[in-house]
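Hi,

Here is the structure I said I would send over. Have a look, and then read on for what turned up in it.

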Amino acid sequence: ENDQVRMRASKVLGGRRAADAVKLIGEASKHKLPAVREGACRALAKIGDPAALDALAACLSIEKDPAVLSATLQGLAATKKAPSVDIVAKHLSHREPAVYYAAIDVLGSSGDPNCAEPLNGMLKSKDWSQQLAVIQALTKLRAKSSIEPLIELLAGSKGRVATEARDALVTITGWEFSTDPKRWQEWWSNLKPDWEVPKVVKKVDPSLEGYGQRATNYHQIKTTSKKIFFVIDVSASMDGEIRFKDSDGNWQRDTRMSLAKQELIKTIKGLDENTEFGILAFEALLEPFKPGLVRATAGGIDEAVTWINNLRTFTNGNVVGAQSYTEENYQRGETNTFAALKWIYGKKGKEGPSIVTTTGSGPNLPKLKPVADTIFFLSDGEPSCGEITVVDDIIDKITQYNKSTRVVINTISFDTVGIGRKFLEDVARITGGKSVVVGSQ
């Protein structure tokens with residue numbers, strides 16, 4: 001059994017009538033093999049019947065396998081069905097990120113402000129991804145007890161963490177201040193003891209997103225992140241021309257590759273020194289600017305601009321000494337989208353199937369180390385080569401990866417119609433990013 005088989009099986013079982021499926025899947029949730037139990041828990045969450053949710057809650061109290069625990073908690077989070085706070089909270093200290101992130105999501109989706117108590121202390125984590133997961137959960141819970149810890153976090157943060165902490169405070173309190181912690185601390189210290197969280201939720205004004213912080217603008221998508229990673233498609237099709245409007249509103253025509261390079265250079269030249277950035281170019285092969293992020297100093301920016309100017313799409317004859325096929329027998333110039341997306345999450349090897357044996361070995365949980373908290377992913381078409389090319393399967397993988405991270409992927413599509421455009425829109429949607437389409441053919 002591999003990940004794709006399990007996911008598809010759980011979707012099929014989850015789509016059956018509750019009366020027919022709950023008993024069958026409930027029995028499977030007690031199977032000796034962890035992979036079977038994991039699939040059963042995912043199917044129970046899909047059903048959503050009260051009996052199915054009770055079965056999930058029962059699994060949570062006795063399950064030990066990390067992959068099954070993660071699937072159980074994810075199911076409870078999706079259905080907004082939380083057992084007691086204590087039962088969920090004990091998983092917040094689990095060694096596997098997939099488990100404690102799922103536990104954070106269960107508490108956040110519960111709707112019970114009392115669930116904020118075990119989460120407030122986790123804001124002191126040094127892991128930005130964990131901080132963001134907790135902030136997002138506390139934003140939903142809107143508990144008075146979270147205000148002071150969020151102000152303390154704001155005082156020691158910058159970039160996306162600071163922006164989301166400030167937005168959480170606006171949502172909880174109904175007050176609109178910038179990311180300056182002193183103003184929030186002054187308000188908090190003058191608050192009357194009998195003040196209560198307002199029942200009406202105040203929506204954050206989109207025009208004030210990151211208010212108080214300098215924003216980076218790439219293809220009209222803004223971010224206040226200080227850890228930014230750009231992914232650029234350099235497959236052969238990027239040599240094709242595209243029509244677009246210039247800054248004066250006049251229609252122009254240029255190659256996709258030229259337009260992508262111009263916009264990337266303009267954006268990188270505008271970064272401040274407090275920002276770290278990275279770049280990855282991809283076709284059948286991947287070519288990073290640097291192994292990790294670099295600070296946007298004058299020297300770092302100049303080196304990046306030179307590297308971008310030297311980028312070329314791969315077509316036979318325009319890359320000296322290049323081979324026409326990769327070691328995996330992918331044709332150069334094709335679009336290895338999944339490999340580029342995996343790089344974002346720190347995964348550079350093959351996934352490999354999860355092995356299930358008679359000894360009970362379970363599915364492998366992904367080991368993830370994201371390169372940055374905010375991604376800009378530019379491409380002009382659908383995946384055409386690589387380990388996975390079926391877009392639905394890639395979406396399933398990215399959904400799984402983002403359960404244990406809080407990476408935002410903003411997407412820029414030069415594919416004005418077709419599967420590629422829809423695929424990029426879905427990647428942005430499931431990671432909380434924005435998606436834009438550039439130009440017309």
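**What turned up**

Leaving aside its neighbours within four places in sequence, Pro 370 is in contact with Trp 128, Ile 344, Tyr 345, Gly 346, Thr 405 and Val 407. Bear in mind that this is a predicted model. Pro 370 itself sits in the loop that runs between α15 (337-344) and β9 (374-379). Lys 347 is 23 residues away from Pro 370 in sequence, and their C-alpha atoms are 8.5 Å apart in space.

Next, a glutamate. Glu 283 is in the loop between β6 (276-282) and β7 (286-288). Is Glu 283 buried or exposed? Its relative accessibility is 5%, so Glu 283 counts as buried, the cut-off being under 20%. The side chain of Glu 283 comes to 2.6 Å from the backbone nitrogen of Gly 333. Not counting residues up to four places away in sequence, Glu 283 touches Val 234, Ser 235, Phe 314 and a run of others: Arg 332, Gly 333, Glu 334, Thr 335 and Asn 336.

Then there is a helix pair. α5 (residues 66-79) packs against α7 (residues 97-109) at an angle of about 20°, with the axes 8 Å apart. That angle is why α5 counts as roughly parallel to α7. The crossing of α5 past α7 is left-handed. On the α5 side, the residues that meet α7 include Leu 69, Leu 73 and Leu 76, while those on the α7 side include Val 99, Ala 102 and Val 106. By class, the contact between α5 and α7 has 10 nonpolar, three polar and one charged residues.

Cheers

How values were computed: Residues are numbered from 1 along each chain as its sequence is written. This is a predicted model: local features need pLDDT of at least 70, side-chain atom pairs count only at pLDDT 80 or more; totals for chains, interfaces and linings use all residues. Side-chain values use heavy atoms; hydrogens and water are left out. Helices (H or I, at least four residues) and strands (E, at least two) are DSSP runs, numbered from the N terminus. Contact means heavy atoms within 4.5 Å. Buried means under 20% relative accessible area, exposed over 50%, partly exposed in between (1.4 Å probe, protein chains only). A polar contact is a pair of N or O atoms within 3.5 Å; within protein, one must be able to donate a hydrogen and the other to accept it, and residues adjacent in sequence count only if both atoms are side-chain atoms. Axes are lines fitted to C-alpha atoms, for helices over the stretch in contact, and angles run from 0 to 180 degrees between N-to-C directions. Angles under 35 degrees count as roughly parallel, over 145 as roughly antiparallel, 65 to 115 as roughly perpendicular and the rest as oblique. A crossing is left-handed if the near helix is turned anticlockwise from the far one by less than a right angle, and right-handed if clockwise. Ala, Val, Leu, Ile, Met, Phe, Trp, Tyr, Cys and Pro count as nonpolar, Asp, Glu, Lys and Arg as charged, and the others, Gly among them, as polar.
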